[in-house]
Each structure stands twice: as structure tokens, then as C-alpha cells.
Amino acid sequence: MSIALIAVVIIVLVVVVAAIGLYNNLVKLRNMVDNAWAQIDVQLQRRLDLIPNLVETVKGYASHERGTLEEVTQARTAVMNAPSPAGKMQADGILTGALKNLFAVAEAYPDLKANTNFQQLQTELANTEDKISYMRQSYNDTVMKYNTAIQTFPAVLVAGMMGFKERQSFDAAAGADVVPTVQF
């Protein structure tokens, strides 16, 4: 009887250790997803910080393009006020389109294109767009690993009960894949 009891204790111990390892792995992956989103958020904020300077520079040369400038400002505000990563992804797609329109307007103003402040902002924005693109890719890779972990056996049996929910990738359908043209 004591051998059977020892066997049951060992089996229970193995199951508990496996459950702890599984839980810790899922927590690690969830934290990696949160960190990857935070990195996107940092780059989005950098871009948001550049936009007022860009709008002011363009405003000096193209003051009658008020609609385009307001569109950029409103899109920037929408990104800043988005309550969730999904909302921020959608608002970012709209902002990207508005910036594309702004740079298209700038094409009509040779003096603006030659302005050193505009050129510097253009370069900084292009660098930031590259960083955002890289961070999106990193985020999506991390989300894929996390989602795969919670959808595969044995985690699929307990992940939902432990509070692990599927995360959304930075979806190109939300407009995030439209990068403004910043080269003249």
C-alpha cells in the first residue's frame, strides 16, 4: 500500500511541477507581448511628438491647406486618446493616411521641401516609421508565440481558466501597413 501511495504522491508532484512550469511560461510570454506593445507605443509617441512641429512648419508655407492639417491633428489626437491597443492600432492607421496626405500636399510647395526644418522633420519621421515597422513585426511575432502557446496542448486545457486570453496582432487591415511617403 505504501508503494501505491508513494506512486500517487510522485504523480501528483509531477503534475503540480508541470502546471507551475506551464503557468510560468505563459506568464513570461504574456509579459513579452506587453513589452513588445510598449515598444510600439514608445515609437508611436515619438511620432506623435514630431507631428506638431511638422504641422507648424507646413502651416507656414501652406496655410490654405487647413483641411489636411486639421486631419493630421485630429488623427494624432485619436491615437493619443485610444483606450486600447486595438483602438490605437486603428487610429494609427488613420494617422498614417493623414500623414501621407500631408506629404502629398507638401509636394506642391518647393520652398517647403527645401526648408531645412522640414527636411530634418522628414528624416526623423522616416527613421521613426522604420522603427515602428520593426516594432510591429516584433510585436506580431511575439503575439504569435503567445497565442500558439495558449492554443496548444496541454495549455489549451487550462489557459482560459488561468486568465490567458488570445491577443490581437497589429493588423495591416487596420491601415497600419500604409507608410507615409517621406522622400521627395
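Tutor: Start with accessibility: buried means under 20% relative accessible area, exposed means over 50%, and partly exposed is in between. Keep in mind that this is a predicted model.

Student: Why is D34 called partly exposed?

Tutor: D34 has a relative accessible area of 36%.

Student: What makes L13 count as exposed?

Tutor: L13 lies in helix α1, residues 2-61. Its relative accessibility is 54%. The cut-off for exposed is over 50%, so L13 counts as exposed.

Student: How do you know that R167 and D34 meet in a salt bridge?

Tutor: Check the distance. The rule asks for a side-chain nitrogen of Lys or Arg within 4 Å of a carboxyl oxygen of Asp or Glu. For R167 and D34, N to O is 2.8 Å. The pair therefore qualifies as a salt bridge. It links distant parts of the chain: R167 sits in the segment after α6 (155-158), D34 in helix α1, and they are 133 residues apart. R167 is partly exposed, at 26% relative accessibility.

Student: How many salt bridges does this rule give?

Tutor: The count comes to 5.

Student: What makes R47 and E129 a salt bridge?

Tutor: Their closest N and O atoms are 2.6 Å apart. The limit is 4 Å, so the pair passes. R47 belongs to helix α1 and E129 to helix α5, 82 residues apart. Both R47 and E129 are buried.

Student: Which partner does R136 meet in a salt bridge?

Tutor: R136 meets D92, at 2.5 Å from N to O. This pair joins helix α5 to helix α3 across 44 residues of chain. R136 and D92 are buried. R47, D92, E129 and R136 are linked in a network of salt bridges.

Student: Which residues make the contact?

Tutor: From α3, they are M89, D92, T96, L99, F103 and A106. From α5, they are F118, L125, E129, R136 and Y139. These contact residues divide into 7 nonpolar, 1 polar and 3 charged.

Note on methods
Residues numbered from 1 in each chain as written. Predicted model: local features only at pLDDT ≥ 70, side-chain atom pairs only at ≥ 80, totals over all residues. Heavy atoms only, no water. Contact = heavy atoms within 4.5 Å. Helix = DSSP H or I, 4+ residues; strand = E, 2+ residues; numbered from the N terminus. Nonpolar A, V, L, I, M, F, W, Y, C, P; charged D, E, K, R; others polar. Buried < 20%, exposed > 50% of the residue type's maximum accessible area, 1.4 Å probe, protein only.
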